[in-house]
Amino acid sequence: MLDNMPRGTICIEDIEMGMTRHLRKVVTDQDIEMFAEVSTDRNPVHLDDAYAQDTIFEGRIAHGMLTAGLISAVIGEQLPGHGTVYLGQSLKFLAPVRPGDMVYAEVKVTDIDPAKRRVTLETHCSVDGKKVVIGEAKVLAPSRKFD
Ligand SMILES: C/C=C/C(=O)SCCNC(=O)CCNC(=O)[C@H](O)C(C)(C)COP(=O)(O)OP(=O)(O)OC[C@H]1O[C@@H](n2cnc3c(N)ncnc32)[C@H](O)[C@@H]1OP(=O)(O)O
């Protein structure tokens, strides 16, 4: 299940401080299995119920980078959107995401360097209002001048 805001591109000339975009997505067992496959990260804490039950999480959890990928999706699809180049991303994983959790991923513009087309975004993911991932992204935004 995916609930996105409108997709597209917001060029550097139209980006404003404080602008936000978000998406919501339920992280499913299938998502976790597919992520394990494409990333080759088959850590049993993600895939094996019995193993995961004996960890501090007491059950299977999603890969952190799968959840963080939803931040990339908001950046690449919405703000700034298509044409954006990801330059960097810091991440802190504060709480686990479990299969079936609805993840809310949001990005917010905190700095703009129009001359260099650089934008800094505060990024976070939450589940039921609790932050599970926080961080900061730096991106190169598209410009109308290069259309
Ligand atoms: C190889 C790949 C594997 C994966 O992908 S695993 C999946 C991704 N990771 C997760 O899902 C982990 C999510 N995080 C958590 O569940 C929790 O987080 C922990 C269980 C790791 C720790 O929780 P708790 O024992 O309750 O500690 P606290 O009371 O929340 O925090 C204690 C201190 O540790 C700092 N801290 C907590 N998490 C992080 C972090 N991710 N990065 C940096 N610092 C962190 C806090 O601020 C605090 O600090 P102060 O004692 O000074 O107040």
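Buried means under 20% relative accessible area, exposed means over 50%, and partly exposed lies in between, with a 1.4 Å probe and protein chains only. This is a predicted model, in which local features need pLDDT of at least 70, side-chain atom pairs count only at pLDDT 80 or more, and totals for chains, interfaces and linings use all residues. Residues are numbered from 1 along each chain as its sequence is written, and side-chain values use heavy atoms, with hydrogens and water left out.

**View 1. Asp128 sits in the loop between β5 and β6.**
Asp128 is not a glycine, yet its phi is positive, about 50 degrees. Its relative accessibility is 77%, so Asp128 counts as exposed. Strands (E, at least two residues) and helices (H or I, at least four residues) are DSSP runs, numbered from the N terminus.

**View 2. Glu58 lies in the loop between α3 (49–53) and α4.**
Phi of Glu58 is near 50 degrees. That is a positive value in a residue other than glycine. Glu58 has 58% relative accessibility and therefore counts as exposed.

**View 3. Leu79 and Pro80 are joined by a cis peptide bond.**
Omega of this bond is about 0 degrees. Pro80 belongs to the loop between α4 and β3 (85–93). Contact means heavy atoms within 4.5 Å. Leaving aside neighbours within four places in sequence, the contacts of Leu79 include Ile10, Ile15, Met19, Val107 and Leu121. Thr20 and Arg21 are also among them.

**View 4. The largest nonpolar core has 29 residues.**
Such a core is a set of buried Ala, Val, Leu, Ile, Met, Phe, Trp, Tyr and Cys residues joined through side-chain atoms within 4.5 Å. Leu79, Val119 and Leu121 have the most contacts inside this core. At least two core residues come from each of α4 (64–77), β4 (102–113), β5 (118–127) and β6 (130–140). The most come from α4, which gives five. In soluble globular proteins, nonpolar side chains tend to be buried together.

From the N terminus on, the order is β-β-α-α-α-α-β-β-β-β. The C-alpha trace spans about 55 × 25 × 25 Å along its principal axes. Of the 147 residues, 40% are buried. Take the contacts between residues at least 6 apart in sequence: 65% of them join residues at least 24 apart.
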